[in-house]
Amino acid sequence: MAGKESSSSSIPNTPLLKDELDIVIPTIRNLDFLEMWRPFFQPYHLIIVQDGDPSKTIKVPEGFDYELYNRNDINRILGPKSSCISFKDSACRCFGYMVSKKKYIYTIDDDCFVAKDPSGKEINALEQHIKNLLTPSTPYFFNTLYDPYREGADFVRGYPFSLREGAQTAVSHGLWLNIPDYDAPTQLVKPRERNTRYVDAILTIPKGTLFPMCGMNLAFDRELIGPAMYFGLMGDGQPIGRYDDMWAGWCTKVICDHLGLGVKTGLPYIWHSKASNPFVNLKKEYNGIFWQEELIPFFQSVVLSKDCSTVQKCYVELSKQVREKLGKIDPYFNKLADAMVTWIEAWDELNPSAKG
Amino acid sequence: MWQTPREQWDMSLKIEDNEVDIVIAALRSNLNTFLEEWRTFFSNFHLIIVKDPNLEEDLQIPPGFDHQVYTKSDMDRVLNGASINFSGHSCRYFGYLISRKKYIISIDDDCLPARDNSGVIVDAVAQHISNLQTPATPFFFNTLYDPYRQGADFVRGYPFSLRDGVECLLSSGLWLNIADYDAPTQIVKPHERNTRYVDAVMTVPLRAMMPFSGINIGFNREVLGPALVPGLRLVGEGKQRWETIEDIWSGMCAKVICDHLGCGVKSGLPYVWRGVGSDADNAMDSLKKEWEGVKLMEEIVPFFQSVKFPKTAVTAADCVIEISRMARENLSSLNPVYAQAADTMEAWVDLWKGD
């Protein structure tokens with residue numbers, strides 16, 4: 001109840017934040033999907049990260065303000081440190097987070113379109129993410145009416161008043177109608193399942209609880225948590241794929257929990273149109289399916305020391321623990337630990353005023 | 001399409017109607033409207049109707065229900081001198097105790113069936129049963145909420161070893177119209193109504209605490225029964241829901257116990273339609289009483305965050321005794337209600353064991 005408007009007639013409009021937010025889009029095909037998003041995205045600056053063959057020209061629809069980076073640009077800007085950025089995988093999007101100069105990032109896949117809510121109204125996903133990021137989270141005590149800061153809701157009886165100011169929100173994780181984000185085995189068993197259920201809720205994932213973070217429809221406060229959003233080593237030359245956002249999500253959640261920041265999940269929905277090939281996916285995910293059995297207990301038991309007072313310090317500490325505890329699973333994790341350090345070095349080089 | 005092993009597991013736990021008692025705390029004598037509105041959904045079940053010992057008038061119950069009424073004299077007989085106060089909303093706990101069934105569903109007598117977003121009337125009883133029948137997933141959050149619901153599943157990145165889930169012992173439902181707010185919130189927002197039907201059930205994760213509302217619940221009495229204890233009574237506790245805290249206390253006991261036993265608690269569907277008038281004047285009076293509850297929560301939360309059970313505590317009853325011991329040790333110096341709660345919890349377990 002603390003800090004809330006008591007009159008429902010004075011709902012503040014959500015600020016556009018057009019000079020404070022970049023939209024990061026990885027692509028290897030084309031950006032036709034932007035046409036549908038135009039009414040919502042046009043005020044914003046786009047950062048396009050072009051994966052794959054840099055000699056290919058990706059056409060950006062007219063009227064958008066953007067910067068585009070292909071592999072040659074990434075190599076030029078980062079030099080040897082470009083080794084931490086994945087190739088032939090949408091994980092390369094995190095390069096966009098690094099070069100951005102804005103406070104907030106929204107990232108979306110190029111096969112995601114505008115969804116409709118149950119009343120048939122088109123959903124402005126970006127506006128909802130902004131609302132989510134600008135209102136507090138409640139990681140310390142679960143509110144059974146979900147987001148207490150939403151219009152028409154509040155904290156329920158029994159919710160301690162001292163916890164009602166909440167914590168700053170670092171991450172807003174949105175969902176998807178139509179093609180759900182299933183792994184390959186589930187896709188193979190249920191190829192025709194579509195997510196048709198619109199769950200009208202946003203909730204904070206409690207402190208100490210991990211979740212599978214999907215990068216398809218994701219927003220975050222880059223100043224609060226940016227350096228933790230490294231999407232790992234995936235794709236070409238790597239033994240794993242489709243675990244980029246998972247990796248970033250587990251690291252991010254552990255660091256958010258440590259620093260007292262909140263992670264929300266739920267609204268907004270986007271419409272996910274393309275089901276990727278489950279057999280291709282299975283090959284990419286194969287190692288991940290086994291490795292995640294070790295990764296989850298690892299992340300569940302991570303302890304970061306009190307000296308880790310910035311995201312960068314937390315992240316470097318995490319990389320040490322990855323090397324120590326996960327290196328024995330597969331040499332990949334030693335490479336990944338190295339890449340995590342390289343990522344932070346590159347981040348700090350490109351963002352000198354925000355050094356950890 | 002062959003069934004996944006998970007689907008086979010789901011089907012192996014099937015709750016029969018005769019394994020369930022529906023417990024109704026009668027705080028008002030006229031139950032005609034309440035029971036008629038719920039008739040379709042209650043008709044296959046045995047009802048335990050517990051009359052608030054402070055209620056003087058005879059209960060009015062429409063015909064055709066398989067039911068048993070319990071009154072103060074039954075409580076006195078069973079209590080046999082033990083000091084447990086079953087008045088007001090706490091009378092339902094007598095129903096939980098006296099039942100012989102494996103599962104209990106309990107709904108406040110001022111709640112009626114709700115309608116979902118398509119206008120269909122919600123069978124809250126069936127939804128609680130479904131929640132208790134399907135596994136809970138407390139160790140890792142599924143972003144598509146309940147993976148066992150039709151049309152949903154575990155998402156990419158959810159570890160396979162955790163997909164069997166664990167038994168759900170407690171199902172906590174929600175309320176449309178008058179939400180379960182505390183007195184201060186009622187006063188600030190006397191006209192707010194909860195109109196948002198959130199079509200989800202989810203497991204409340206391990207170690208996450210929640211404010212458990214006793215208004216609309218289902219639980220596994222066999223395993224969890226002793227944990228739902230009418231331990232904490234506010235001084236001058238009255239009949240308004242925002243003057244009570246017994247369910248908040250018992251819910252926190254139940255959650256830490258479920259966490260310890262490796263079982264799950266779900267929250268979300270079903271909704272009921274709660275029709276009590278939220279008179280702001282009443283809320284003002286209640287504020288004096290409930291403010292005590294609001295202050296107590298500030299002590300209660302850190303207490304439950306610190307509760308740890310020894311390995312020897314393997315049943316809910318063992319755990320309740322541990323909590324009462326810890327409450328007596330750590331909290332009784334703060335407020336006499338806690339020593340009373342500890343006494344009540346011990347007496348409760350004795351009654352439970354003696355049954």
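What covers the buried residues of H9(A)? In this predicted model, the cover includes helix H6 (222-225), helix H7 (244-259), helix H8 (278-300) and H10 of chain A. Helix H9 itself runs over residues 311-326 of chain A and has 16 residues. From its first C-alpha to its last it reaches 21 Å, close to the 22 Å expected at 1.5 Å a residue. Its buried residues include A:Tyr315, A:Val322 and A:Leu326.

A:Tyr315, A:Val322 and A:Leu326 are among the residues that A:Trp247 touches. Others touched by A:Trp247 include A:Phe299, A:Phe333 and A:Met340. A:Trp247 is also one of the residues with the most contacts inside the largest nonpolar core, along with B:Phe42, B:Trp249 and B:Phe304. That core has 242 residues, and its largest share, 11 residues, comes from helix H10 (residues 332-350) of chain A. In soluble globular proteins, nonpolar side chains tend to be buried together.

Helix H2 (residues 71-78) of chain A has A:Arg71, A:Asp73, A:Ile74 and A:Leu78 buried. Seen down the axis of H2(A), these buried residues fall within an arc of 160 degrees, so they line one face of the helix. They pack against strand S2 (45-50), strand S3 (65-69), helix H3 (94-99) and H10 of chain A. The N-terminal end of H2(A) is capped by A:Asn70, with a side-chain oxygen 3.0 Å from the backbone nitrogen of A:Asn72. Just after H2(A), A:Gly79 takes a positive phi of about 60 degrees.

In chain B, B:Asn335 sits in the loop between helix H10 (316-330) and helix H11 (336-354). B:Asn335 counts as buried because its relative accessible area is 17%, under the 20% cut-off. Leaving aside residues up to four places away in sequence, B:Asn335 touches B:Glu292 and B:Leu296.

Definitions and conventions. Residues numbered from 1 in each chain as written. Chains lettered and ligands numbered in written order. Predicted model: local features only at pLDDT ≥ 70, side-chain atom pairs only at ≥ 80, totals over all residues. Heavy atoms only, no water. Helix = DSSP H or I, 4+ residues; strand = E, 2+ residues; numbered from the N terminus. Buried < 20%, exposed > 50% of the residue type's maximum accessible area, 1.4 Å probe, protein only. Contact = heavy atoms within 4.5 Å. Core = buried A, V, L, I, M, F, W, Y, C linked by side-chain atoms within 4.5 Å. Expected span 1.5 Å × (residues − 1). Arc of directions from axis to C-beta. Polar contact = N/O pair within 3.5 Å; in protein donor to acceptor, adjacent residues only side chain to side chain.
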